[in-house]
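The structure comes first, and the notes follow by topic.

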Amino acid sequence: MSEASMPLAIPAPVAALFPPDEERLRIGEALLRELLASERRIAQGPVTPTLDLQQLQRELTDFDFERPRPLEPLLRWTLAQLEQGLTHLTHPRYFGLFNPAPAFPAQLADQIAASFNPQLASIATSPAAVAIEAHVIAALARRAGLPAASRGHFTTSGSEANATALICALTRAEPRFGSEGVRAFRGAPLVYVSQDAQPGWFKVAHQCGIGRQALRLIATDGRGCLDADQLDRQLARDLADGARPVMIAATAGTTGAGMIDPLQRCAQLALQHGIWYHVDAAWAGALLCSARLRALLGGIEQADSLTIDAHKWFAATMGCGMFLTAHAAVAAEAFRVTADFMQSSSETLDPYLTTLQWSRRFMGLRLFLSLSAAGWQGYARHVERAVTLIEELARRLADRGWTVRNVPRAAVLCVAPPSGSRPVRDIVQRVLRSGTAWVAATRFEGEDAVRICATHGQSAEQDLAALIGVLEQAARTGEMPAPA
Ligand SMILES: *Cc1c(COP(=O)(O)O)cnc(C)c1O
């Protein structure tokens, strides 16, 4: 045999990346124990970060990636940084933005997705995963009362779902939009949202090429909801000016106060003018689970499209939104593509043909497992519990002289302190510095308010009591006790 034809020995796999099974099992079990211990410590400690950021940045300069490091100390180092260096959404006194303490089945789903790492671009490669996601989406669409032929998909976020809605609206409004872009419109395309809509809509308008000025911010009605009469008048003015309204996006659960826009009237106005009706129910969409509370979303069934974030009130882990639409054909037109390397090309089955993403993580398993394990009933109890908790908090604070600013139907409370207290923004700063609880400052109908939202499914009586205590202390003009 000549030297040239000697078979090459195939190098061994990189063990740091692909260790043997016994090592994976050992490290995985140790990590699980460490994570549980960490979670227990977090619940006993401050909600807010205590990390010395400069110290971390100095330590990070040692990670020059020249010299490999053993994995186990690396994992312990990482947990220590996160334990000290995060606002803890998993803390029962995080009364925060719409970020959940994740449900256990959703956490397991993440592990499963990470293990199989299926590619959900196509039904041909991942039939089981694609079918499971489609099933959950169909169940949500039915629950919302959308027409039987409605479809949709999981997104990384509510922002992606909202961008998807605008692309669909533009595609339906102007058949040449796909080929010529916004130049195809004769008048400037406009989108209507309430002034309290999520500010990500500005980015969506920018991304989709209609420009940030194309967002018409409609005034609220004094109670934090879009004023439909103002919307009616603004539409008439814009049409008279030769502009081209393409979408009304009502909000179900405003970021500041959890308010729900008048969904029926927005639907009527959209229908009257033949424009796309979107409901951004990123937060409050979960009310659909409750037979008692779902009436708050009356009119949602008339939407051309819906955004619901599973990573908010459904308590999925981060990066799990949903887009639902009554017009599957429009989404198929908006995201069509041909690729001869793909094994299948069915616009009713293949996510890469109807969505913004191509490579796609198995996001929907989180809601599938959580919803299957708890049922609609379990989720109904989860959302009703949060609403009850916030209503109770509103009552107790009102008894102590605080002013409740909003009607807290969707588990978000806006309150102002008794007169003679410190300003709202000082109060919030002092609460955060104490580490006892996490709340936000917001503006509600032109005035500052403390914003408190129940996002943790296990916040309990002692957490409410601690929150009220720290709010009262922070509102008084004296010194705060030392941080927890
Ligand atoms: C959270 C939220 C968004 C943005 O969604 P992300 O998942 O954070 O991208 C949009 N609209 C509303 C009403 C929201 O609550």
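Phe18 is exposed, at a relative accessible area of 52%. The model is predicted, and the points below describe what was computed from it.

- Together with Val14 and Leu17, Phe18 makes up a nonpolar patch on the surface, and the three have about 320 Å² of accessible area together.
- Phe18 counts as exposed because its 52% is over the 50% cut-off.

**Helix α10 and its surroundings**
- Helix α10 spans residues 263-273, and its buried residues are Leu263, Cys266, Ala267, Leu269 and Ala270.
- Viewed down the axis of α10, these buried residues fall within an arc of 165°, so they line one face of the helix.
- An α-helix has 3.6 residues a turn, so residues three or four places apart point the same way.
- Leu271 and Gln272 are exposed and lie on the face of α10 turned away from the buried side.
- The cover over the buried residues of α10 includes α9 (228-240), β4 (244-251) and β5 (276-280).

**Salt bridges**
- Side chains of opposite charge can pair when their charged atoms come close.
- The whole structure contains 20 salt bridges.
- One of them joins Arg26 and Glu72, whose closest N and O atoms are 2.9 Å apart.
- This pair links distant parts of the chain, with Arg26 in helix α1 and Glu72 in helix α3 (residues 71-84), 46 residues apart.
- Arg26 is partly exposed at 43% relative accessibility, and Glu72 is partly exposed at 27%.
- Arg396 and Glu461 also form a salt bridge, with an N to O distance of 2.9 Å.
- Arg396 belongs to helix α12 (residues 365-399) and Glu461 to helix α14 (residues 461-475), so the pair ties together parts 65 residues apart in sequence.
- Arg396 counts as buried at 19% relative accessibility, whereas Glu461 is partly exposed at 45%.
- Asp448 and Arg425 meet in a salt bridge at 3.2 Å, N to O.
- Asp448 is in strand β11 (residues 447-453) and Arg425 in helix α13 (residues 424-434), so this pair ties together parts 23 residues apart in sequence.
- Asp448 is partly exposed at 25% relative accessibility, and Arg425 is partly exposed at 41%.

How values were computed:
Residues numbered from 1 in each chain as written. Predicted model: local features only at pLDDT ≥ 70, side-chain atom pairs only at ≥ 80, totals over all residues. Heavy atoms only, no water. Patch = residues over 30% accessible without salt bridge, like charges linked within 9 Å, V, L, I, M, F, W, Y side chains within 5 Å. Areas by Shrake-Rupley, 256 points an atom, 1.4 Å probe, with all protein chains shown as cover. Salt bridge = Lys/Arg side-chain N within 4 Å of Asp/Glu carboxyl O. Buried < 20%, exposed > 50% of the residue type's maximum accessible area, 1.4 Å probe, protein only. Helix = DSSP H or I, 4+ residues; strand = E, 2+ residues; numbered from the N terminus. Arc of directions from axis to C-beta. Contact = heavy atoms within 4.5 Å.
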